[in-house]
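This briefing is meant to be read alongside the sequence and the model, and its points are grouped by topic.

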Amino acid sequence: MKINLMEIPEEGRSYHWDTQSGELNQILNDLIGKTPHEAEFFIKPLNSRDFELTGTIKTKLPETCARCGIEFPFPVNSKYREFLIPKQDHPRGSKYSKVNHISDLPEDGPDVSEYDGHIFDMGEFLHEVVALAAPFNAAGPEDENGDCSICKIPVKGQSFSYDEEMPGVKPTNPFGVLKNIKIN
Ligand SMILES: [Zn+2]
């Protein structure tokens, strides 16, 4: 589902795409099948060429419990904030050459996506947000005893990431740790 950025008024425009309105049904089908989803987002021009995109997407991903191997619906509730910039020419090997839909820029910097000829592929962007939402070790929700509610394996005190804040669209930056090293 593509958005023509030229049509967005100066004050910005908000969008509500869900299973009913259907804009994302096809593009998300390979990830979530017929599971309901709901995306809300707002796009606002920052200047004549750059835009700010903020929003959320909620759905459930079919995940396999890392402890018991049983499939369960993993709740996705991802927030994103992204700057949309015109497609750049990237000389091969330059530090921006890999920038695509999800930014490879340093973790603290803004996330940047490129658009091509006034058109931003919001469907593809949201597909990536949902695809990246599940943690590496997905695990079923804990029950009141702190056990996996699916397989009943005790999980209290174990560092499964289910209750942690959703990772959103931030990719892991292998160089992030270097930023904290002071060189005198
Ligand atoms: Zn389990």
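In this predicted model, Phe 41 touches Ile 3, Arg 13, Ser 14, Tyr 15, Trp 17, Leu 53, Thr 54, Gly 55, Tyr 80, Met 122 and Leu 126, when residues up to four places away in sequence are not counted. Two of these partners, Met 122 and Leu 126, are named together with Phe 41 as the residues with the most contacts inside the largest nonpolar core.

**The nonpolar core**

- The largest nonpolar core has 35 residues, and the elements that contribute two or more residues to this core are β2 (13-18), α1 (25-32), β3 (38-45), β4 (51-64), β5 (71-86) and α2 (122-131).

**Overall organisation of the chain**

- The protein chain holds 2 helices and 7 strands, and its elements follow the order β-β-α-β-β-β-β-β-α when read from the N terminus.
- Of the 184 residues in the protein chain, 39% count as buried.
- Among the contacts in the protein chain with a separation of 6 or more, 62% are accounted for by residues 24 or more positions apart.

**Packing of the two helices**

- In general, two packed helices are described by the angle between their axes and the distance between the axes.
- The axes of α1 and α2 come within 9 Å and cross at roughly 20 degrees; because angles under 35 degrees count as roughly parallel, α1 and α2 are described as roughly parallel to each other.
- The crossing of α1 and α2 is right-handed, and the contact is made by Ile 27, Leu 28, Asp 30, Leu 31 and Ile 32 on the α1 side and by Gly 123, Glu 124, Leu 126, His 127, Val 130 and Ala 131 on the α2 side.
- By residue class, the contact of α1 with α2 divides into 7 nonpolar, 2 polar and 2 charged residues.

**Individual residues of the helices**

- Ala 131 belongs to helix α2 and counts as partly exposed, since its relative accessibility is 39%.
- Although Ala 131 and Asp 30 are 101 residues apart along the chain, their C-alpha atoms are separated by 9.8 Å, and both residues take part in the contact of α1 with α2.
- Gln 26 lies in helix α1 and is exposed, with a relative accessible area of 74%.
- Gln 26 and Gly 123 are 97 residues apart in sequence, while the distance in space from C-alpha to C-alpha is 9.3 Å.

- Val 76 is found in strand β5, and its relative accessibility of 3% is the reason why Val 76 counts as buried, given that the cut-off for a buried residue is under 20% relative accessible area.
- Leaving aside neighbours within four places in sequence, Val 76 is in contact with Ile 57, Lys 58, Thr 59, Lys 60, Leu 61 and Ala 133.
- For Val 76 and Ala 133, the separation is 57 residues in sequence and 6.3 Å in space, taken from C-alpha to C-alpha.

**A backbone feature in a loop**

- His 118 is located in the loop between β6 (111-115) and β7 (119-121), where the phi of His 118 is near 70 degrees, a positive value in a residue other than glycine.
- With a relative accessibility of 41%, His 118 counts as partly exposed.

Note on methods:
Residues are numbered from 1 along each chain as its sequence is written. This is a predicted model: local features need pLDDT of at least 70, side-chain atom pairs count only at pLDDT 80 or more; totals for chains, interfaces and linings use all residues. Side-chain values use heavy atoms; hydrogens and water are left out. A nonpolar core is a set of buried Ala, Val, Leu, Ile, Met, Phe, Trp, Tyr and Cys residues joined through side-chain atoms within 4.5 Å. Buried means under 20% relative accessible area, exposed over 50%, partly exposed in between (1.4 Å probe, protein chains only). Helices (H or I, at least four residues) and strands (E, at least two) are DSSP runs, numbered from the N terminus. Contact means heavy atoms within 4.5 Å. Axes are lines fitted to C-alpha atoms, for helices over the stretch in contact, and angles run from 0 to 180 degrees between N-to-C directions. Angles under 35 degrees count as roughly parallel, over 145 as roughly antiparallel, 65 to 115 as roughly perpendicular and the rest as oblique. A crossing is left-handed if the near helix is turned anticlockwise from the far one by less than a right angle, and right-handed if clockwise. Ala, Val, Leu, Ile, Met, Phe, Trp, Tyr, Cys and Pro count as nonpolar, Asp, Glu, Lys and Arg as charged, and the others, Gly among them, as polar.
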